[in-house]
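Have the structure open as you read.

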Amino acid sequence: MQIGILEPLNVPDEQLKPLIEPLEKAGHTVTVYDDRTTDPDELFERSKDKDIVVIANTPYPAEVIERLDQTKYINVAFTGVDHVGMDAANKKGITVSNAAGYAGRSVPELAIGLTLALYRNIPGSNEDARKSDDFPGAFKGREIAGKTVGIVGTGKLGIEAAKLFKAFGAELIGYNRSEKDAAKEIGLVYKDLDDVMAESDIISIHLPSTPDTKKSIDAEKIGKMKESAILINTARGAIVDNEALAQALNDGKIAGAGIDVFDVEPPLPADTALLHAKNAILTPHLGFLTEESMVKRAKIVFDNIDKFIDGNPQNVMK
């Protein structure tokens, strides 16, 4: 089979080669592109003669997929597939899989990091410490211990985040469409979403991006939060009404937000509301991006390829 890795997988060559070599020894051809493109025509050129294509978070739209004749499998080196033209893939009978699980530690750790950055004003305090004679004095922060943390979305990432918050001494409540025994076992108490929003000191979003979750954290839900509460989103930008969030921050209706995901992928347009919001710490969608998670991801991607070639595709998305 012709296999195309359409963008870098962010692992060193010495770790990538051992994954590619068994495929080549089996008679398959693997082409690795060392740059990323979002141009649909270039994506089509890279894909048109490939049986299997691998992408990460590069948008892979319907206009590319609809032109493919040879491709049988789109292997997405990412958890979400909302950047892939899934309807077009399904119509053409192209199998799509994801790499679920590779960021199971890195994303929850960032949720903790953003919380600490807000509670201890780490970015601002770094600047203050460098002011010498203009030093304004130390910032008085807050502790996670004893706070109520609302986990919105108790899949694997949400449960891992809950475990980390519990290790800091937090009380756990949460919302999910279905209750998970694994969450209850660590002491999380399920409530409806309105109650989670109203009772939490820290809200950490871990929902998937679906039509049902789009802007589910809207102005009304944000309006239920305590003035002292903070919101952390390391899931998907579309889940939160980010303009409403920015307004709540600027109006002092909530105390802060730590945001890793946006309505579009960075670089963000200059008029993005959150860029101008008070007490917002922003990171450019890097929750998944650690040395360790990239190695895990590469292994999952190539395991997906092996399983597809063997006729037993795994991690299939619909």
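## Inside the model

The largest nonpolar core holds 45 residues, and Tyr-60, Ile-74 and Phe-302 are the ones with the most contacts inside it. Several elements each put in two or more residues: strands E1 (2-5), E3 (52-55) and E4 (73-76), along with helices H1 (13-25), H2 (40-47), H3 (62-65), H4 (86-91) and H12 (291-309). H12 makes the largest contribution, with seven residues. Keep in mind that this is a predicted model.

What does Tyr-60 touch beyond its neighbours within four places in sequence? The list reads Leu-6, Leu-43, Ser-47, Val-53, Ile-55, Ile-65, Leu-68, Ile-74, His-83, Val-84 and Gly-85. Apart from the core described above lies another one, made of 27 residues, including Val-196, Ala-229, Leu-231 and Ile-239.

## The overall picture

Zooming out, the protein has twelve helices and 13 strands. Its radius of gyration is 21 Å, close to the 20 Å that the globule rule gives for 318 residues, so the protein is as compact as a globular protein of that length. The C-alpha trace spans about 65 × 50 × 35 Å along its principal axes.

Of the 318 residues, 48% count as buried. If you take the contacts with a separation of 6 or more, 62% of them are between residues 24 or more positions apart.

## Two spots with partners along the chain

Ile-205 sits in strand E9 (residues 202-205). Is Ile-205 buried or exposed? Its relative accessibility is 0%, under the 20% cut-off, so Ile-205 counts as buried. Leaving out neighbours within four places in sequence, Ile-205 is in contact with Val-152, Ile-217, Leu-231, Ile-232, Asn-233, Thr-234, Ala-235 and Ile-239.

Glu-227 belongs to the loop between helix H10 (219-223) and strand E10 (230-233). With 57% relative accessibility, Glu-227 counts as exposed. Still, Glu-227 touches Gly-252, Lys-253, Ile-254 and Ala-255, again not counting residues up to four places away in sequence.

Here are the C-alpha pairs that go with these two residues:

| Pair | Separation along the chain | C-alpha distance |
|---|---|---|
| Ile-205 and Ile-232 | 27 residues | 6.2 Å |
| Glu-227 and Ile-254 | 27 residues | 4.2 Å |

The peptide bond from Pro-266 to Pro-267 is cis, with omega near 10°. Pro-267 is in the loop between strand E11 (256-259) and strand E12 (280-282). Asn-279 also lies in the loop between E11 and E12, and Asn-279 has a positive phi of about 55° although it is not a glycine.

Lys-215 is another non-glycine residue with a positive phi, here about 50°. You'll find Lys-215 in the loop between E9 and H10. How accessible is it? At 35% relative accessibility, Lys-215 counts as partly exposed.

Key: Residues numbered from 1 in each chain as written. Predicted model: local features only at pLDDT ≥ 70, side-chain atom pairs only at ≥ 80, totals over all residues. Heavy atoms only, no water. Core = buried A, V, L, I, M, F, W, Y, C linked by side-chain atoms within 4.5 Å. Buried < 20%, exposed > 50% of the residue type's maximum accessible area, 1.4 Å probe, protein only. Helix = DSSP H or I, 4+ residues; strand = E, 2+ residues; numbered from the N terminus. Contact = heavy atoms within 4.5 Å. Rg over C-alpha atoms; globule rule 2.2 N^0.38 Å.
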